[in-house]
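Dear colleague,

I am passing on the structure below, together with some notes on what came out of it. Please read the notes with the coordinates open beside you.

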Amino acid sequence: MNTLFIAILVVYVIMGTVIAYASRRMNIKTTKDYIIAGGRVGSIVSFGTYAATTYSAFMMIGLVGLTYATGVGALGFELLYLLVTVILLSTIGYKIWELSRMNGWMTPSQMLSDLYSSRYLGMLSAFLYLFVMVPYTAAQIQGLTIIFNYAGLDPAVGTIISATITYTWIFIAGMWSIATTDLYQAILMLAGGLLFIAQLTLPGAVFNIDPAKALISSGEKGFLGITSFWSPQVFLAYTIPWIFFAVTNPQVVIRLFIHRDEKTYKRGVSLFAFYGLLYTLIVVLAGLLARGFAENGLIPQNLRRDEVTIYLLNLFNPSIGSLIAVSIVAAAVSTANSIIHAVASSIYREMRSHGDKGSLVILNLTSLVLIALSSLLAYARITYIVDLSVMSSVYLLPLAPLTILGIYLNKYIGKYTRTAAIASIVVGVSIAGVSTIVNGGSRAFTSIYMGIPISLWVLLVSTAILLIGLLIDAYTRV
């Protein structure tokens, strides 16, 4: 067992718990305080919680491996996501924040319900979050077993540790404790990434090779160009679900409601853009260096994507490897508790039209049930979880046109648009579901029909159905 990892993990948990308890001074009295921190969060904390929630363990494990396996095309995929996200946050995101102040929105499902004047739409979106995001959270917890295996811990122990940290940092003060610990974890994540790249680039730290030579080797094998993996269809399949992430995923949409004022919102977006660019460049550079090391015979050339980072960590000094491993734990935990909080809040809000201090017990119990369910699914290691987590953003894609058109065309919404809104979710999710059943997992994610990736089909069909409803409403109104 890696005792250094355990020691660093304990310090990480203690410090995070102290930060979470310190956030209780913000005076949590109502469900609004608990769910969105009363809309009183400053720019530094809001940026930190958005960054930590957005960038999960996918970066240091998934994107490093994807770059190692497929080359610099992974950088284009991730940078396009960041660019569109910043654009969305600067336009529709800001409009959502303004309207949330006027309408008192606390959850994404409440926002959709209000925009379309449809209680059924709010309930359907909350159910969709439950269907998609709880298995996704389970996959996050299950993915942490990779890190805990590095430390020599039993998967069951790792699942219990992950679930306990996740729930504790929600329970203490809701969004306040989540947001403040997210800032702490965002700092850990960036520090871990910088330490990781330092180990790979300092000659003699791990490998006696000039990092420039490693990059040249990657280039000679075509990994600094567009490899065969990144066909136009595959690139679209990867990018379409992610570029709408900011308006479809409940854990990030809910963060549009927490900012204290306009200045706070805009500064938070700017800080996130800088953080996202730096973190992305670090992670992709690590993947390209890993490919260069492989081409020079220093590590295997056929590692599975999710094995690359862990393989490298095992070559590092144990103390440094353990620090980086704990930073990856922080990335997964910050995403997991944000998802659970957003989903639990949406379910709670759709079941109750009002709240008081006593109702926080119900909200906490909802979070506990969701974490227990996620942990059981993670421990069972059901393949369906992995399939659904890969497809999660595709299943949520119908919410993109619903949100964007609902915000900008709200005054044109009538009974036909309300019906079309529900139909667009049902049909869009059905298309994604059929693809998952027929193709399974990652193949469902990248499957192509008539030259168009499944994600684009979901987006196009959902948008078309919604536009038909708007057109009928406009025609019957004349």
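Is Tyr 395 buried or exposed? At 3% relative accessibility, Tyr 395 counts as buried, where buried means under 20% relative accessible area, exposed over 50% and partly exposed in between, with a 1.4 Å probe and protein chains only.

This is a predicted model, in which local features need pLDDT of at least 70 and side-chain atom pairs count only at pLDDT 80 or more, while totals for chains, interfaces and linings use all residues. Residues are numbered from 1 along each chain as its sequence is written, and side-chain values use heavy atoms, with hydrogens and water left out.

A search of the whole structure finds 28 aromatic pairs, a pair being rings of Phe, Tyr and Trp (its six-membered ring) with centres within 6.5 Å, counted as stacked when the planes are under 30 degrees apart, edge-to-face over 60 and tilted for the rest. The rings of Phe 5 and Tyr 150 are edge-to-face, with centres 6.4 Å apart and planes at 80°; Phe 5 lies in helix α1 (residues 3–22) and Tyr 150 in helix α8 (residues 119–150), 145 residues apart, helices being DSSP runs (H or I, at least four residues) numbered from the N terminus. Phe 5 is buried at a relative accessible area of 0%, and Tyr 150 is also buried, at 11%.

Tyr 395 itself pairs edge-to-face with Phe 131, their centres 5.7 Å apart and their planes at 75°. Phe 131, in helix α8, is 264 residues from Tyr 395 in helix α19 (residues 383–395), and at 29% relative accessibility Phe 131 counts as partly exposed.

Best regards

Technical notes:
Helix = DSSP H or I, 4+ residues; strand = E, 2+ residues; numbered from the N terminus.
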